[in-house]
Amino acid sequence: MAEVIEVKHPLVQHKLTMIRNEAVGTKDFRALVDELAMLLTYEASADLPMETISVKTPVQETKAQSLAGKKLAVVPILRAGLGMVDGILQLIPAAKVGHIGMYRDEETLEPVEYFVKLPEDIAQREVLLIDPMLATGGSAKDAINALKVRGATQIKLITLVSAPEGIKAVQEAHPDVAIVTASIDEGLNEDGYIVPGLGDAGDRLFGTH
């Protein structure tokens with residue numbers, strides 16, 4: 001079973017507390033989501049392979065560590081996942097970006113796929129699948145399926161807030177997929193929303209209702 005990492009770093013927890021606040025406006029919410037995405041990616045990328053190379057400093061030649069050419073892809077689940085892309089690309093500007101479009105049927109709470117566009121070499125890349133909320137886990141499970149069907153074998157899921165129910169659903173369906181999150185919350189309410197959560201991340205990111 002792949003690990004679930006709840007990032008307890010003080011900066012992560014402080015910024016998470018800020019975005020939970022319903023009084024935070026769209027502009028600040030977007031900026032904080034960007035920053036959180038960057039910080040969570042720092043944790044998610046901690047196991048990237050390294051190699052030793054030679055580099056000439058202004059003083060002398062030395063051996064130093066460098067990334068071993070690992071190819072990455074960032075794949076947001078639309079639409080809310082878009083709010084995390086820029087923060088990640090600030091850390092990994094060479095990553096390619098794909099998109100998976102899904103919406104939740106408000107009656108069944110089941111995800112419906114409507115768009116998938118991925119890098120052609122997705123099978124050769126480690127994929128960072130991103131979505132601010134992991135609630136029931138339905139969208140995440142289907143997005144992972146969409147990636148695997150198209151050849152992806154190395155996938156991590158990065159979320160801001162996760163419900164235990166969603167984590168369990170993803171782990172049961174995809175035990176090989178690690179989850180990195182800023183918080184494992186209490187659970188889901190009768191409407192399928194995370195409690196205490198932070199509301200509808202998509203609406204708060206884009207100023208919609």
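The model is predicted, so local features need pLDDT of at least 70, side-chain atom pairs count only at pLDDT 80 or more, and totals for chains, interfaces and linings use all residues. Residues are numbered from 1 along each chain as its sequence is written, and side-chain values use heavy atoms, without hydrogens and water.

**Pockets**

- The largest pocket has a volume of about 670 Å³; a pocket is an open set of points on a 1 Å grid over the protein atoms alone where a 1.4 Å probe fits, with protein on both sides within 12 Å along at least five of seven lines, and a volume is the space filled by probe spheres set on the points.
- Of its 31 lining residues, Arg104, Asp131, Met133, Ser139 and Asp200 are the closest to the centre (lining means an atom within 4 Å of a point).
- The second largest pocket has a volume of about 210 Å³.
- Among the 13 residues that line this second largest pocket, Leu48, Leu67, Leu72, Leu91 and Ile92 are the closest to its centre.

**Asp185**

- Asp185 is buried, with a relative accessible area of 6% (buried means under 20%, using a 1.4 Å probe and protein chains only).
- The side chains of Asp185 and Arg20 are joined by a polar contact of 2.8 Å (a pair of N or O atoms within 3.5 Å, where one must be able to donate a hydrogen and the other to accept it).
- Asp185 and Ala163 are 22 residues apart along the chain, yet their C-alpha atoms are separated by 5.3 Å.

Note on methods: Buried < 20%, exposed > 50% of the residue type's maximum accessible area, 1.4 Å probe, protein only.
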